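Here is a short walk through one protein model. Keep the sequence and the 3D view side by side as you read.

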Amino acid sequence: PPADAPRRLLLAPRKGGVALWGADDGAPWEPEELGLPGDLVDRIRCLEMDVIEATQDTPAGPCLDPLQRARLAGEAEAIAQALGAIYDFETVEWRLPPARGLAQG
């Protein structure tokens, strides 16, 4: 990764933003800026698009259908592990919009 890459990385795809963020400063990062392998960039981009397409706007905020969230969470976890193999495993976190029933609670 480049010298100015974040020390802690957050995988948090959402509408109107990128999928990767510096966990300490909230700065957005494009996967290509981090020098990630092409197949991992593709997986991040696919997760990003899947989350954007599946996110529903509700009065409580953006949320996902519980089944879709479970499916997407598995891929987010796998991508976080792959990112952890490149960075320090403890520095990669992931976050998705909450499941619909939980967003309203």
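Start with the sheet. Four strands make up an open sheet, ordered S3-S2-S1-S6, and the pairing is mixed. Strand S3 (28-29) and strand S6 (92-94) stand at the edges with a single partner strand each, so one side of each has no neighbour in the sheet. Helices (H or I, at least four residues) and strands (E, at least two) are DSSP runs, numbered from the N terminus. Two strands pair if DSSP finds at least two bridges between them.

This is a predicted model, in which local features need pLDDT of at least 70 and side-chain atom pairs count only at pLDDT 80 or more, while totals for chains, interfaces and linings use all residues. Residues are numbered from 1 along each chain as its sequence is written, and side-chain values use heavy atoms, leaving out hydrogens and water.

Now look at S1 (residues 9-11). Strand S1 pairs with S6 in the parallel sense, over three bridges. Leu10 has Glu93 in S6 as its bridge partner. Helix H2 (residues 66-86) packs on the sheet and touches S1, strand S2 (20-22) and S6. Contact means heavy atoms within 4.5 Å.

Gln68 is found in helix H2. At 29% relative accessibility, Gln68 counts as partly exposed. Buried means under 20% relative accessible area, exposed over 50%, and partly exposed in between (1.4 Å probe, protein chains only). Gln68 and Ala54 lie 14 residues apart in sequence, and their C-alpha atoms are 7.3 Å apart in space.

Finally, turn to Leu36. Leaving aside residues up to four places away in sequence, Leu36 touches Leu20, Pro31, Val41, Ile44, Leu83, Ile86 and Tyr87.

Note on methods: Axes are lines fitted to C-alpha atoms, for helices over the stretch in contact, and angles run from 0 to 180 degrees between N-to-C directions.
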